[in-house]
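Okay, thanks everyone for coming.

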Amino acid sequence: MPDWKKLVHERLNQRGSGAAIEPEVTEELAHYLEDFYQAGLDSGLVEHEAADRALGEVRNWPRLARDIKFAREGGEMLRQRIQMLWMPGVVAAILTAGVSIAAGRVASTLLAGARIAILVYAGWLLILAGIGALAAYWSRRAGGSIANRTAAALIPAATIVAALGSLVTNPELKMALIASVFTPADVPILRVLPAIGNSVIGGILLPAIALLMGALPFLRGDSAGNSLRVGAA
Amino acid sequence: MIVSKIKRGSAEFAILSVLAEERLYGYQIARTIAERTGGELRFTLASLYPMLYALEKRAWIAGAWERTGGGRKRRYYRLTAAGRRQLAPMRRQWAGFFRAIQRLSGAAHA
């Protein structure tokens with residue numbers, strides 16, 4: 001009988017595999033081939049035929065070594081997380097940034113009054129709902145769970161929070177916030193609280209709600225799941 | 001081409017399904033699936049183990065070394081609670097998928 005463990009070790013660790021395989025894996029694969037070989041003998045094959053048949057189980061050993069390494073290190077999980085969460089979320093965030101910049105320009109150049117400002121703002125929220133829908137649909141199609149779909153749709157809101165945090169441009173508000181940290185008793189923080197509240201509601205809360213509303217139809221139902229995704233494609 | 005894609009896509013489902021009934025080691029998993037599907041689904045070592053390790057990494061299955069009845073050391077896999085939770089919707093989806101295909105097939109013959 002061939003020394004399956006030695007054979008598997010040599011083939012898995014040959015040049016080109018680019019992956020060191022743990023002895024535990026080598027042993028497990030050797031046992032599989034041993035069982036396969038034994039089944040061949042039991043079915044009436046002679047030794048070399050049974051051995052050839054067992055070796056036919058693997059056509060490309062370096063590729064098998066890479067596949068095993070990838071699976072054991074969680075590469076598959078990472079890839080799925082990228083497909084289910086990060087790709088839809090980041091694309092949605094980029095779209096949101098683009099739409100927000102465009103809306104800001106439109107508002108600053110065409111702004112004639114509060115009415116137009118409200119229209120531009122409402123349009124912006126509607127587009128955000130569409131972006132939330134796109135992110136959730138994409139995530140669901142990739143097999144994302146409800147949590148994945150929700151998170152993908154809300155990633156743009158998180159980027160808005162980050163952007164607003166770094167872009168507090170109102171000098172009065174900025175100074176008040178800084179001063180309130182150092183001398184809280186002397187600063188009339190109550191005076192700037194409405195401005196902060198408006199920013200949070202209009203700039204973060206309502207966009208987040210719009211994104212979620214758009215995502216809502218795609219939060220229901222099972223995801224395609226990894227196994228069905230390939231077949232149903 | 002489509003059939004081969006369906007077969008490939010059903011691999012995870014097949015593994016989880018057989019492990020839902022009993023714990024098995026790698027060769028037994030491949031043999032059981034081949035037997036139960038009349039040879040329509042057949043794993044090779046190269047297709048089985050990367051998938052087993054990926055499922056184990058996701059904690060849908062768990063493997064442990066044990067001795068067989070004949071005293072041989074084998075790594076047995078069992079379905080975890082998380083794997084069981086994944087299997088239930090997969091069953092519904094596959095059943096729905098094949099019902100749909102059957103309806104299409106029936107309509108074509110009608």
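**From a loop to the core**

So, A:Arg220 counts as exposed, because it has 9 C-beta neighbours inside 10 Å. The cut-offs here: buried is 20 or more other C-beta atoms within 10 Å of a residue's own, exposed is 12 or fewer, and partly exposed is in between, with the C-beta atoms placed from the backbone. Keep in mind that this is a predicted model, where local features need pLDDT of at least 70, side-chain atom pairs count only at pLDDT 80 or more, and totals for chains, interfaces and linings use all residues. Residues are numbered from 1 along each chain as its sequence is written, while chains are lettered from A and ligands numbered from 1 in the order in which they are written.

Back to A:Arg220: you'll find this residue in the loop between α9 (189-215) and α10 (226-232) of chain A.

Now the chains. Chain A has ten helices and zero strands. Of the 233 residues in chain A, 28% count as buried. Take contacts in chain A with a separation of 6 or more: 71% of them come from residues 24 or more positions apart. A contact, by the way, is two C-beta atoms, placed from the backbone, within 7 Å.

Reading from the N terminus, its order is α-α-β-α-α-β-β-α. Of its 110 residues, 32% count as buried. For contacts in chain B between residues at least 6 apart in sequence, 48% join residues at least 24 apart.

So which residues have the most contacts inside the largest nonpolar core? They're A:Leu33 and B:Ile15, in a core of 42 residues. Each of these elements supplies at least two residues of that core: α1 (4-12), α2 (23-42), α3 (47-55) and α4 (61-72) from chain A, and α2 (11-21), α3 (26-36), α4 (45-57) and β3 (73-79) from chain B. "Nonpolar core" here is a set of buried Ala, Val, Leu, Ile, Met, Phe, Trp, Tyr and Cys residues joined through C-beta atoms within 7 Å. In soluble globular proteins, nonpolar side chains tend to be buried together.

Let's zoom in on B:Ile15. Setting aside neighbours within four places in sequence, B:Ile15 is in contact with B:Ile29, B:Met51, B:Leu52 and B:Leu55. There's another core lying apart from the largest one, with 22 residues, including A:Trp138 and A:Phe218.

α2(B) is mostly covered, with eight of its eleven residues buried. Among them are B:Phe13, B:Ile15 and B:Leu19. B:Phe13 also pairs up across the sequence: B:Arg91 is 78 residues away from it, yet their C-alpha atoms are 7.8 Å apart. B:Arg91 sits in α5 (residues 81-109) of chain B, and counts as partly exposed because it has 14 C-beta neighbours inside 10 Å.

Next, helix packing. The axes of α4(A) and α4(B) come within 8 Å and cross at roughly 10°, so the two are roughly parallel. Axes are lines fitted to C-alpha atoms, for helices over the stretch in contact, and angles run from 0 to 180 degrees between N-to-C directions. Angles under 35 degrees are roughly parallel, over 145 roughly antiparallel, 65 to 115 roughly perpendicular, and the rest oblique. On the α4(A) side we have A:Leu64, A:Asp67, A:Ile68, A:Ala71 and A:Arg72, meeting B:Ala46, B:Tyr49, B:Pro50, B:Tyr53, B:Ala54 and B:Lys57 of α4(B).

Within chain B, the axes of α3(B) and α4(B) come within 11 Å and cross at roughly 115°, so these two are roughly perpendicular. Here B:Gly26, B:Ile29 and B:Ala30 of α3(B) meet B:Leu48, B:Tyr49 and B:Leu52 of α4(B).

Last one: B:Ala59, in the loop between α4 and β2 (61-67) of chain B. Its phi is near 65°, a positive value in a residue other than glycine. With 12 C-beta neighbours inside 10 Å, B:Ala59 counts as exposed. That's me done, thanks.

How values were computed
Helices (H or I, at least four residues) and strands (E, at least two) are DSSP runs, numbered from the N terminus.
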